[in-house]
Amino acid sequence: MTRTLAGAACALLVTLSGCAKFAEQPEVNPDRYAPLAVDRVWTPAPINTESYTIATRDQVESITPEQGQAMRAYDLPALIDVALSHNPSTRRAWQSARLAAARYGIARSPYYPKVSFDSDQGYVRFPFQDAGRVSVVKQWEISPIINATYTLLDFGRRSSSAKAARERLAAANYTFNRTMQDIVFNVERSFYALGASKAAVAAAEQNLKLAKTDLDAVQQRLDLGLATEPALLLARQRVASGEFDLASANVLVSDAQANLAVAMGIAANVPLQVESLEAQPLPNSLGAEVDQLINDAIKLRPDLASRVATLKSREASVRRAKAEFYPTLGVTANYGENLWQYTFSGPPAITTGTPQYEALLTLKWDLFTGFSHLNGVREAEAEREEARADLQSLELNAISAVWRAYHDFKAAQKKYQFAEALLAASRDAYQSTLETYRQGLSTIVELLTADRDVANARYTMIQSRADLLTSYAAVTYAAGAIPIPGHP
C-alpha cells in the first residue's frame, strides 16, 4: 500500500511539473519574479499580467590588479558595466529581491492542499491482568497514513497575504532598479571628479611651465641689468608655488581614483585607465523644462514606485487583519492501513491489515482572542498610514531634488560659458603682459599677477566643465531616468 501511495504522489508531481503554466507560478519558480541577474535592470510586468521580462545574466569574473594593468582606457559606459557587475550594493539588492520573490511563492502556498504522510511502526509489549492471571501482548505494528487538508473559505486571508507579498516583491524589485541608478550616478560623479583632478594636474604642469617662462624672462632682464634681485626672487617663489600646486593635484588624483574604485565595487589598487575629461561631450540642454522633468520623476523614479508598492502591501495587510474576525472552512481527509501482527500469551500469532480513512468538514472560528484581532487591525492601519506619509515625504523630496538639479544645471551652463571667456581673456592678458615686461614697460608684479590669473582661470575652466557634466547627470538621476548603456 505504501508503494501505491508513493507512486500516486510521484505521478501527481510529474503531471504538475509537465504543465508549463504551473511551472511558471511563483510558488514553484519564485526566482522568475525577481531580477535574474545582478547587473540587469528589473523590468516591471505589464498591468494585469503575472509575467516579468528579465534579461539573462552574463557571468563576469572579478577584476584583479594584474588584469587591471593590461586594460586600456575605460570610457564611461564600460566603467558602468563593471560597476553593475561588481558593486556589492547591486548584489545585495538583487538577493533582497530574490528573497521577496521566494516569500511571494510562500504566500501562495495556502491555495494548494497540504498533503502529508505519517507512519508509526515498531514493536509493542504490554502486560495486563486477565481472569486472575497476567497476560502479555507482543505486537509488531505499521500504520502508514496519508493526510490531506484544504481550506475552502477563509474570507480573504490567502488573497490578502498573497497580495501583500506580491507588492513587497514589486517594492524590492523597484529598490533594486534604484540601487542600479545609484551605482550609475556614483560612477558618473566619480568619473567626472577623476577627470577633473587629472585635468588639474595638466593645468598645474602648464602653470609651472608659465612660471618657469616668467623666471627665464626675469633672469634675462637681470643679466642685462634691467631687473632687480627681488624681482628674481618673486619669480622663483612663483615657480616653487607651481611645484607645490602640482604635487597637491597629484594627491587629488589618487583620492579620486580611490573614490571611483569604491563606486565601482573594485579594489583601489586596480590601476584603471579612464578617458580624459576633455573627451566627454558636453550637454547642450536637458530636452525638457523643469515641470516636465518633475512629472517624469513622479512617474519614473523606482524608489517612488517602491513606496507605492509598499503602501499597497500595507493596504492588503489591513484587509488580512480584518479577515481574522471571520471563520475558516476547510476539509480534511486521510487514508491509511493498520498492519499488525501480535501474539497473545504465546502462540498462535495473528496477522491482519485493516484500512482506515475519514473525511471531515472543519470549521474554525476564534470568537474571542483577548482583543488581538482588533489591535491587529489597528496596527495594520497605522503601518498603512505610515507608508502613506513616507510616500508623500519622498515625493516632495523628489520634486525638490529635480528642481535643485535643474537650476544647478542651468547655472553650470552659464558658469562654463563665463569660464571659457575668462580663460581666453586671461591668456591674452598674460601674453600681452609678458611682451610688455620683456620690453621693460611692465613690472614683475604685473607679470606674476597675470600668470596667477591664467592659473586660476584654468582651474575654473576645469571645475566648471566637471560641474556641467555632473549637474547633467544629477538631473537625470533625480528624474529617475538614467540610461544604463548596454542594458534594457
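The crossing of helices H9 and H10 is left-handed in this predicted model. H9 covers residues 302-323 and H10 covers residues 372-438, and the pair packs at about 165 degrees with the axes 8 Å apart. With an angle over 145 degrees counting as roughly antiparallel, that puts H9 roughly antiparallel to H10. As for what sits in the contact of H9 with H10, the residues split into twelve charged, eleven nonpolar and three polar.

H10 also meets helix H8, which runs over residues 290-300. Here the axes come within 9 Å and cross at roughly 145 degrees, and the crossing is right-handed. On the H8 side, the contact is made by Val290, Leu293, Ile294, Ala297 and Ile298. H10 brings Glu395, Ile399, Val402, Trp403 and Tyr406 to the contact. Sorted by class, the contact of H8 with H10 comes out at nine nonpolar residues and one charged residue, with no polar ones. So H10 takes part in a left-handed crossing with H9 and a right-handed one with H8, and because the H9 pair sits at about 165 degrees, that pair gets the roughly antiparallel label.

Moving out to the loops, a couple of backbone torsions are worth a look. Phe371 lies in the loop between strand E6 (349-364) and H10. Phi of Phe371 is near 70 degrees, a positive value in a residue that is not glycine. Is the Phe371 residue buried or exposed? With a relative accessible area of 53%, Phe371 is exposed, since the cut-off for that class is over 50%.

Phe155 gives another case of a positive phi in a residue other than glycine, at about 60 degrees. The loop that holds Phe155 sits between strand E3 (133-153) and helix H6 (157-223). For Phe155 the relative accessible area is 40%, so the residue is partly exposed; that class takes in values between the 20% and 50% limits.

Back in the helices, His86 belongs to H4, which spans residues 76-86. Its relative accessibility is 14%, so His86 counts as buried, the limit being under 20%.

Ser89 is in helix H5, residues 88-107. At 38% relative accessible area, Ser89 is partly exposed. Leaving aside residues up to four places away in sequence, Ser89 touches Thr179 and Ile183. There is also a C-alpha separation to note: Ser89 and Val38 are 51 residues apart along the chain, and their C-alpha atoms are 9.5 Å from each other.

Zooming out to the whole chain, there are eleven helices and six strands. The chain has 488 residues, and 38% of them count as buried. Among contacts with a separation of 6 or more, 80% come from residues 24 or more positions apart.

Note on methods: Residues numbered from 1 in each chain as written. Predicted model: local features only at pLDDT ≥ 70, side-chain atom pairs only at ≥ 80, totals over all residues. Heavy atoms only, no water. Helix = DSSP H or I, 4+ residues; strand = E, 2+ residues; numbered from the N terminus. Buried < 20%, exposed > 50% of the residue type's maximum accessible area, 1.4 Å probe, protein only. Axes fitted to C-alpha atoms, helices over the stretch in contact; angles between N-to-C directions. Parallel < 35°, antiparallel > 145°, perpendicular 65-115°, else oblique. Left-handed = near helix turned anticlockwise from the far one by under 90°. Nonpolar A, V, L, I, M, F, W, Y, C, P; charged D, E, K, R; others polar. Contact = heavy atoms within 4.5 Å.
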